[in-house]
Number of protein chains: 2
Amino acid sequence: MLEEAGASIILGNTYHLYLRPGHATINQLGGLHRFMSWERPILTDSGGFQVFSLTSLRKLTEEGVEFQSHIDGSTHFLSPEKSMEIQAALGSDIVMAFDECTPFPATREEALASLELTERWARRSKQRLLELHSEPPAAEQAGVRIVNQTQALFGINQGSTFLDLRKRSLEGLVEIGFDGYAIGGLSVGEQKSAMFEVVSHIASFMPDNRPRYLMGVGTPEDIVEAVALGVDMFDCVMPTRNARNGQLFTSRGKLNIKNSRYKDDPEPIDEACQCKVCSRYSRAYLRHLYLSDEILGSVLTSLHNVSFYLDTMGAIRQSILLGTFNEFRNSFLSGLARGQD
Amino acid sequence: MLEEAGASIILGNTYHLYLRPGHATINQLGGLHRFMSWERPILTDSGGFQVFSLTSLRKLTEEGVEFQSHIDGSTHFLSPEKSMEIQAALGSDIVMAFDECTPFPATREEALASLELTERWARRSKQRLLELHSEPPAAEQAGVRIVNQTQALFGINQGSTFLDLRKRSLEGLVEIGFDGYAIGGLSVGEQKSAMFEVVSHIASFMPDNRPRYLMGVGTPEDIVEAVALGVDMFDCVMPTRNARNGQLFTSRGKLNIKNSRYKDDPEPIDEACQCKVCSRYSRAYLRHLYLSDEILGSVLTSLHNVSFYLDTMGAIRQSILLGTFNEFRNSFLSGLARGQD
């Protein structure tokens, strides 16, 4: 479905794949690309974000994080080294350094301690991934039989909402040197204005010749705004999670397919959308599938939302190439604000 | 998905579509083909089978059946006339006469009374559908604004496991005259040998120039055996329901994808299968999707099972044309019996 929708890269969850079916199993079956039959690029996260979400089930030390599986309660340990071993075994194209996603809110001291830990972990991540790529016995010993030496490694910026700490964190990462830089620890409960203040500030210091990745963001509006501030890459569960809950993204803002006003509505979700769902199915039919708990409902609404996001990113890229991004942004945002009739 | 798998006809449930979203809504939106964006033929059942399954929620009279909706408990009435109005509103290509699916076991007297009721209802079904097709004001009054005059009507044979009653039922239907004849009231708890005895007996009396449809059957073995006895058409939830439960059909019998023996298995579900799932995905990956409750798991296993059934029917038709059906049947059944390695 993602292939059909034109996705050029997907994200694999290190935490989930480590627990089930296991990175060794995936490596043995040829790596994640082959396992899931996906030939295009894959980015894997570090596993840290999920582990830190298990607040009551984890124990943090300098070495790493001990946690209990959400599936069976078994005890596991994740560290920068372990995260690299898992991601090397998965064979993704972009590997994320293992970071501590600083909880929000954090005091200045907490944020400082957290970003310093993240920096030490970033250094250990890079060293371990280099070993796995360049020393076959090390990889073999870690259970990584099939190695993808072309894996890129991204560092993750932390520092909560303290602008000077954000800059300090970035400088540390740039000194270590990564293939790309991510802004982490945002979209975790802070005000939207605080998020954009951080992005605006830190993006101006990020290397021009490396991808800039804003993690866990966001709504279509957020994405366009963050691009305006200089961000290149995003990831978010919103298009698919919201689709499963009946919330659809359109060029005129959100639409809740459960709403009874769509009962007899022969129109597509978004008449401006070129996706397969909008070219074939009515709101009335999609509402019926949703209310009847049909799997096809989730499939079609997800396909639309993902297509809408991909098309938006495509339009952003196109407008940047044409030098018309500001016009695009104004027209796109005013369309969203217009709402459904 | 069914389009992609090559399905040339699908079945729509009159009971479910009547309750939700409502046949009037579907008619208003252009009929069932347009509503679900399916351009190939559709057969609709009469709604009777589902209503009779609601044992405690229904009341049967000569006129029809009163029942309570399984969704909200509201009271409804289904009769031959009402069933025709609903199916006319849906605009399917094959309409099924409204029958009483004789419960099993039944005494001879019960079976006789039931088939006689079914015969009277078959007559009323035909008359009402003719009216709806030929008298626009009648259709209009029944809320059928868009009429598909080319709808075919099939009668349904009853008589439980009493061979003489089956024959008597068929003679009554043939006298009324239908576009096709279905064998109903089987696969409802009787022994398989009893089912085949009925099919074998009654198929020999069914008109040669009309489709013969065995309702609610069955396993791949059952289908091949019933074809050998002269049956042309089948319907069954098995391919999709079993897929959602992890049970896959293969040329070497059933395979339960939950089984831990498939944990690391790089092989496709069925190496003899040409479907999209077997050409791309391993048993290990499908097992992982199943255990992780991923929607994609149900989608892919359903696609395989439906493809397996459609391919089996295709191979049956091909072998009949080539005059090699018996060879096909022997080789197919011995493959199924061979089982997984």
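Predicted model: local features only at pLDDT ≥ 70, side-chain atom pairs only at ≥ 80, totals over all residues.
1. Cysteines in chain A. The model has zero disulfides over all chains. Cys101(A), for one, is in no disulfide, and the nearest cysteine sulfur, that of Cys236(A), is 14 Å away.

2. Cysteines in chain B. Where is the closest cysteine sulfur to that of Cys101(B)? The closest one belongs to Cys236(B), and at 14 Å it is too far for a bond. With a relative accessible area of 12%, Cys101(B) is buried.

3. Extent of the contact between chains. Chain A puts 25 residues into the contact, and chain B puts in 25 residues. Between them the two chains bury about 2200 Å². Of this buried area, 55% is on carbon and sulfur atoms.

4. One salt bridge joins the side chains of Glu3(B) and Arg280(A), with an N to O distance of 2.9 Å. Polar contacts between chain A and chain B come to 10 residue pairs, with both residues of a pair at pLDDT 80 or more.

5. What chain A brings to the contact. On the side of chain A that touches chain B, at least two residues come from each of α3 (23-28), α4 (32-36), α14 (283-291) and α15 (295-322) of chain A. Which of these elements gives the most? It is α14(A), with four residues. Sorted by class, this side of chain A has 12 nonpolar, six polar and seven charged residues.

6. Phe77(A). This residue lies in strand β5 of chain A, which covers residues 75-78. Is Phe77(A) buried, exposed or partly exposed? Its relative accessible area is 33%, so Phe77(A) counts as partly exposed. Leaving aside neighbours within four places in sequence, Phe77(A) is in contact with Thr61(A), Glu63(A), Gly64(A), Val65(A), Glu66(A), Phe67(A) and Lys82(A). Ser260(A) is 183 residues from Phe77(A) along the chain, and the C-alpha atoms of these two residues are separated by 49 Å.

Conventions: Residues numbered from 1 in each chain as written. Chains lettered and ligands numbered in written order. Heavy atoms only, no water. Disulfide = S-S within 2.5 Å. Buried < 20%, exposed > 50% of the residue type's maximum accessible area, 1.4 Å probe, protein only. Contact = heavy atoms within 4.5 Å. Buried area = accessible area lost by both parts, 1.4 Å probe. Salt bridge = Lys/Arg side-chain N within 4 Å of Asp/Glu carboxyl O. Polar contact = N/O pair within 3.5 Å; in protein donor to acceptor, adjacent residues only side chain to side chain. Nonpolar A, V, L, I, M, F, W, Y, C, P; charged D, E, K, R; others polar.
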